[in-house]
Amino acid sequence: VIDFDCIVVGSGASGAMAAQTLIEGGARVAMLDAGLRDDRYARLIPEKTFVDIRRTEPEQYRYLLGERFESAAFRRVGAGAQLTPPRRFIVERVDELLRLRAGDFAPLESLAFGGLAAGWGLMCGVYSGSELERASLPEAPMRAAYQTVADRIGICGSGDDDARRFTVGDLARIQPPPPLDPTAALLATRYQRRRAAVNGLGYVLGRPALALLTQPKDGREATRLRDMEFYCDDGGAAWRPAATIARLAAHPNFAYDGGVLVTRFDENDGAIALTAFDLRDGTLRRYGCRRLVLACGVFGTARIVLRSHDEGSHLPLLCNDYTYVPCLVAGRLGRSMPAHAQSLTQLALFHERASADVAVGTIFSYRSLMLFRLLREMPFGVRDARVLMQYLLSGFVIAGFDHPQERTEGKRVWRESDSSSPTGDRLAIAYELTPAERRDHRTRERGFAGVLRTLGAWPLRRVHPPLGSSIHYAGTLPYGDEERPLTLARDGRLHGTRNVFVADASGFTFLPAKPVTLSLMANAHRIADGIARRP
Amino acid sequence: MSSDEAASFGSYLLGREIDAASRAAYATAARELAYDATDRITEFALRRAWSIAPLDGALALVRPDAPLRKKLLLMAAVLETRPEYCDDFLPRERSTRDALAVAASVARAGVLAAFGLLLLPFVR
C-alpha cells in the first residue's frame, strides 16, 4: 500500500488541471493512470510542412498510413475514424480492457497518457450564465476558473468578432488567432457582406477559440503552421495534458504512476483504499490516500463508482448529437493551397435560440488528411474521383454541427457482469434521442445548411455518424443538493462519501453544444481548488 | 500476384506505369491488410484491363466496399504517399480549360459506370 494526500485518477484534461491546482495548493499528489503512449510514430515525423513531407519523404507512409498500412483499410465512418496512425495510441487496448455493450451508440474512450485530450481538436468555448446554470455549475467560480485555465494552457482567438461571446467570452490575455486559410477567408468575407441577413436568421460567424499558441508561452513554441495537427503537436504549440504533467513532474510533491487501471475504491472512516490492475503484469495493486479525485472521463469514472458503490443502478448520460456536412466553396475550386496553414477549426458558426440553447457549427478545410479517404466516399470510380477531387479539394470544407443535450429517460448507462472481461464487468449504454429532439436537430441542421449556402459553401450531403461520435460526454453523476447516492455535491464530492471527489464532466446536468473541454478543465480546477482549501 | 495487380491498378489510376518500389509497397500493404484473396470481379478485371474502369465505376454506385474497390483504394493510398506521385493527389492551380477537362472526365465516368452496370451481371 502506497499513501498520498491526494490521488488523481486519470491524466486527461480534467486530471491534469486538478493535479496542477492541488499541487499549487500545497498537496502531495499522485496521479494514477493507464498512461499508454505512442512509442512508434512521434519520432518518425520530420519537422517539415505537410506538403514538404508529401513531396520529399520516401518513408511518409509509415506515419500517414501506418507501419502496417492500417489507416488504408476500408473503414466505415464512426467514432475515432478521424484518428491518424500517430494518434491511434489514444484508443489502444480500449476494446480489451474497457468492455462495452452499447448497441448503436459508439463512444470513444481512452487509456492513453493525456486521455482523449491527447488528440482533441483544441477548440474552446466559454459557457454563458444560462448554460452554466442548466449544467448546475456555479457562475462566479467558473468564470474565475476559465481565466485560470486560459492562462495556464494559452488560448488564441478573436477578441472583436461577432462570435466572441460564444468563444472567448470575457477572457483576458487571449493570443491573436492564426491566419485563416484562403477558403475560410473567402467565407469570412462573404459573411461580412451578408452579415445582416445571416444575423437576422439568428446565426453569427467568427473565429474559434483554440488552445493553440500563436505566440511563445512558458517554454512552448508558437505554431509554425506546418499543417500537421492531425499527426503531431508542433513544438508544443497545441496544448495537450502531457505539457502540464511534464511541468508537474518536476515538482517534489507530484508523483506519476503509469501502467495501472484503477478499478474501485473503498472508504473507511474517511481514508481511501484504491484497487488497481497493473497493466504490465496483471497483478492487483493497492494505494491509500486521504482524498481521491476521479478524473478519468465520464465512462471511466462511472465504471469505478458503480463497482465501488452500487450494483444495479442506471445512471443518466449526456452526449452531443453530431452531424457533419461536406461542402464545396465554388469560388475556391481549382486553386492552389498555401503550404503554411493549420488544419484545425477555421471558423465557428453559432445559432442561438435562447441563451442556453445554442447550437454550434464548426468549419474545417480538408487540408492535411489524405485524399484516398475522400475517394472511397465518392460515387465514382477511384481514378475519376481522384481527378475530380484534385480539382475540388481546394474548395472542399467540412462543416460539423453539435446540438445541446438534456437528460431524458432513454439516455442511460449501467454496469453488467462479463466473465470474459479482465475486470469481470462491462458498461452497457442505451442512448436514444426523443422524436422531438430528432425533429429539432434535423430542422436546425437544415438552417445551418441554408446559412452555409448563403455564404457560398454548398452542402453535398448530411452525414449522421453513430450517436457517441461527438466525443463529448457528461451527466452520469449529476450535481444535486440532496445527499442521494450516485450524485455529486456542488463541490464535486460524491454523495455518500467524505473524501471522494469527481472532477470530470460527470456532474453536468446539461451539455451545451459548445466544445466541452475548456469547461471541464475549468470545473476540474474549481473542484480541486475547493479540495485544496479544505482543512 | 499482388505485383501484377499493382501494375494494372497503378496504370489504371494514374494513366502511366508505376515504379517497382510502389508495386512492392502495394504487395506489402495488401498482405498486411489481408487483401490477398480475390473474387470473380477482380479476376475478370485483372485479365481484361479495359474492364477495370467500368467495373470500378459501377461498384462505386452499387457495392462501394467490393474487393476490387478496396484494392484500388489501397493502391491509391500507397501511391498518394510516394513523393514521385504526390502531384497526382495534391490540389493544383487549374485554368478554366482544365475545369472543362475535369467536367469531361466526370461525364466519361458516368458513361463508364453505366457500361459497368451492364457488365456486372455477366462478370458475377
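This is a predicted model: local features need pLDDT of at least 70, side-chain atom pairs count only at pLDDT 80 or more; totals for chains, interfaces and linings use all residues.
Ala34(B) lies in the loop between α2 and α3 (40-47) of chain B. Ala34(B) has a positive phi of about 55° although it is not a glycine. For context, most residues other than glycine have a negative phi. Ala34(B) is also exposed, with a relative accessible area of 61%, a value that lies over the 50% cut-off for that class.

Arg93(A) sits in the loop between α3 (61-64) and α4 (94-97) of chain A, and its relative accessibility of 30% places it among the partly exposed residues.

The loop between α3 and α4 of chain A also holds Arg87(A). Here the setting is a buried one, with a relative accessible area of 7% for Arg87(A). The side chain of Arg87(A) reaches the backbone oxygen of Glu229(A) at 3.0 Å. Leaving aside residues up to four places away in sequence, Arg87(A) touches Ala118(A), Gly119(A), Glu229(A), Phe230(A), Tyr231(A), Cys232(A), Asp233(A) and Arg240(A).

The size of an interface is often given as the accessible area lost when the parts come together. Between chain B and chain A, the buried area is about 3800 Å², and carbon and sulfur atoms give 60% of it. Chain B brings 43 residues to the contact, and chain A brings 40 residues.

On the chain B side, α1 (2-14), α2 (20-32), α4 (52-62), α5 (67-80) and α6 each supply at least two of the residues that touch chain A. Of these helices, α5(B) gives the largest share of that side, namely nine residues. Five salt bridges are found across the interface of chain B and chain A. Asp88(B) and Arg386(A) meet through their side chains in a salt bridge, with an N to O distance of 3.9 Å.

Together with Trp50(B) and Leu118(B), Phe115(B) forms a nonpolar patch on the surface, and the three residues share about 360 Å² of accessible area. Phe115(B) itself is partly exposed, at a relative accessible area of 38%.

In general, side chains of opposite charge can pair when their charged atoms come close. In chain A, Glu67(A) forms a salt bridge with Arg62(A), and the closest N and O atoms are 2.7 Å apart. Glu67(A) is partly exposed, with a relative accessible area of 26%, and Arg62(A) is likewise partly exposed, at 23%.

A second pair in chain A joins Asp425(A) and Arg415(A), whose side chains meet in a salt bridge at 2.7 Å, N to O. Asp425(A) lies in strand β19 (residues 425-431) and Arg415(A) in strand β18 (residues 411-417), so the pair ties together parts of chain A that are 10 residues apart in sequence. Are the two partners buried or partly exposed? Asp425(A) counts as buried at 3% relative accessibility, whereas Arg415(A) counts as partly exposed at 21%.

Glu5(B) pairs with Lys71(B), the closest N and O atoms being 3.0 Å apart. Glu5(B) lies in helix α1 of chain B and Lys71(B) in helix α5 of chain B, so this pair ties together parts that are 66 residues apart in sequence. Both Glu5(B) and Lys71(B) are buried. Salt bridges can also share partners, and in chain A they join Asp257(A), Asp278(A), Arg280(A) and Arg285(A) into one network.

Conventions:
Residues are numbered from 1 along each chain as its sequence is written. Chains are lettered from A and ligands numbered from 1 in the order in which they are written. Side-chain values use heavy atoms; hydrogens and water are left out. Patches are made of residues with over 30% relative accessible area and no salt bridge: like charges are joined within 9 Å, nonpolar side chains (Val, Leu, Ile, Met, Phe, Trp, Tyr) within 5 Å. Accessible areas come from the Shrake-Rupley method with a 1.4 Å probe; for residues, only the protein chains shown count as cover. A salt bridge is a side-chain nitrogen of Lys or Arg within 4 Å of a carboxyl oxygen of Asp or Glu. Buried means under 20% relative accessible area, exposed over 50%, partly exposed in between (1.4 Å probe, protein chains only). Contact means heavy atoms within 4.5 Å. Buried area is the accessible area (1.4 Å probe) that two parts lose on being put together, summed over both. Helices (H or I, at least four residues) and strands (E, at least two) are DSSP runs, numbered from the N terminus. A polar contact is a pair of N or O atoms within 3.5 Å; within protein, one must be able to donate a hydrogen and the other to accept it, and residues adjacent in sequence count only if both atoms are side-chain atoms.
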